[in-house]
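Let's take a walk through a protein model together, one feature at a time. Keep the sequence and the 3D view open as you read.

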Amino acid sequence: MEYWDIYDSSRRRTGRRMKRNDWILKDGEYHLSVLGGIVRPGDGRFLITRRKMDKAWAPGWWEISGGAVQAGEESREAVLREIREETGLDVSDCPGRLVLTYHRENPGQGDNYFVDVYLFEKEFSEKDIHIQLSETTDFRIASPEEIRQIADQGIFLHYDSIKKIFLTPPEELIADGKEGE
């Protein structure tokens, strides 16, 4: 059974946990998720994956790798794990960092959350990708413009919240500095 820590509105762990997808959160309580973009430094193209059609939420939509932070896990550990699980890529030694955080309030629905968004630079080719078939059906190596076109069709998950990673030159986001600036 997978468990998630419950956080307060200041993003401090409360000491309580919830079962995965057991939407019991009260207003003012949150769980933590991560997203990890991977950009090739040579051509500025991003790895995106397509969600399986049997997903309860956003089936068939395109996205960058991500998922929930498990109980006791740190945000960076979670994003490295999710990227490896979903794409087969190890980005642990690649240039990259937390580039933004956002949160969503879903009053009365038990599903409030924080999302940490990371960006990593890695040279890779199609043969390096090994998608997690239980989660995804396909992948693409797409330009920021191609990603925007997918978003314009309404089928790119979280695009409006994370478009900064596609629209800002990666060297500006990954440059040395404080994470999350």
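Which residue lies over the face of W62? That's R140, at 5.7 Å from the ring centre. A charge counts as sitting over a ring when NZ of Lys or CZ of Arg is within 6 Å of the ring centre and within 35 degrees of the ring normal. R11 does this too: it lies over the face of F114, at 5.9 Å from the ring centre.

Before going on, a word on what you're looking at. This is a predicted model, where local features need pLDDT of at least 70, side-chain atom pairs count only at pLDDT 80 or more, and totals for chains, interfaces and linings use all residues. Residues are numbered from 1 along each chain as its sequence is written, and side-chain values use heavy atoms, with hydrogens and water left out. As for pLDDT, that's the predictor's confidence in each residue, from 0 to 100. Its mean over the protein is 93, and 97% of the residues reach 70 or more. Over residues 177–181, though, the pLDDT is below 50, and this stretch has 13 contacts in the model beyond near neighbours in sequence. Contact here means heavy atoms within 4.5 Å.

Now back to R11. You'll find R11 in the loop between strand 1 (3–7) and strand 2 (13–19). Helices (H or I, at least four residues) and strands (E, at least two) are DSSP runs, numbered from the N terminus. At 28% relative accessibility, R11 counts as partly exposed. The scale goes like this: buried is under 20% relative accessible area, exposed is over 50%, and partly exposed is in between, using a 1.4 Å probe and protein chains only. R11 also has a positive phi, near 70 degrees. Most residues other than glycine have a negative phi. H158, in the loop between helix 2 and helix 3, has a positive phi near 70 degrees as well.

Leaving aside neighbours within four places in sequence, T101 is in contact with R11, V115 and D116. At 40% relative accessibility, T101 is partly exposed.

Next, the aromatic rings. Rings of Phe, Tyr and Trp (its six-membered ring) pair if their centres lie within 6.5 Å; planes under 30 degrees apart count as stacked, over 60 as edge-to-face and the rest as tilted. That rule gives six aromatic pairs. Take F46 and F166: their ring centres are 4.9 Å apart and their planes are at 80 degrees, so this pair is edge-to-face. Since F46 lies in strand 4 (residues 46–51) and F166 in helix 4 (residues 164–167), the pair ties together parts that are 120 residues apart in sequence. F46 and F166 are both buried. Compare Y118 and F120, whose ring centres are 6.1 Å apart with planes at 5 degrees, so that pair is stacked. Y118 and F120 are both buried too. Ring pairs also link F46, F156, Y159 and F166 into a cluster.

What about the inside? In soluble globular proteins, nonpolar side chains tend to be buried together. A nonpolar core is a set of buried Ala, Val, Leu, Ile, Met, Phe, Trp, Tyr and Cys residues joined through side-chain atoms within 4.5 Å. The largest one here has 24 residues, and V117, F156 and F166 have the most contacts inside it. Strand 8 gives the most to this core, with four residues. Not counting residues up to four places away in sequence, V117 touches several residues, among them L35, L98, Y102 and I165. A second, separate core has 23 residues, including V69, C94, F120 and F139.

Just after helix 2, G154 takes a positive phi of about 80 degrees.

Finally, look at R40, in the loop between strand 3 (31–39) and strand 4. R40 is buried, with a relative accessible area of 15%. Beyond residues up to four places away in sequence, R40 touches R45, K122, F124, S125 and I141.
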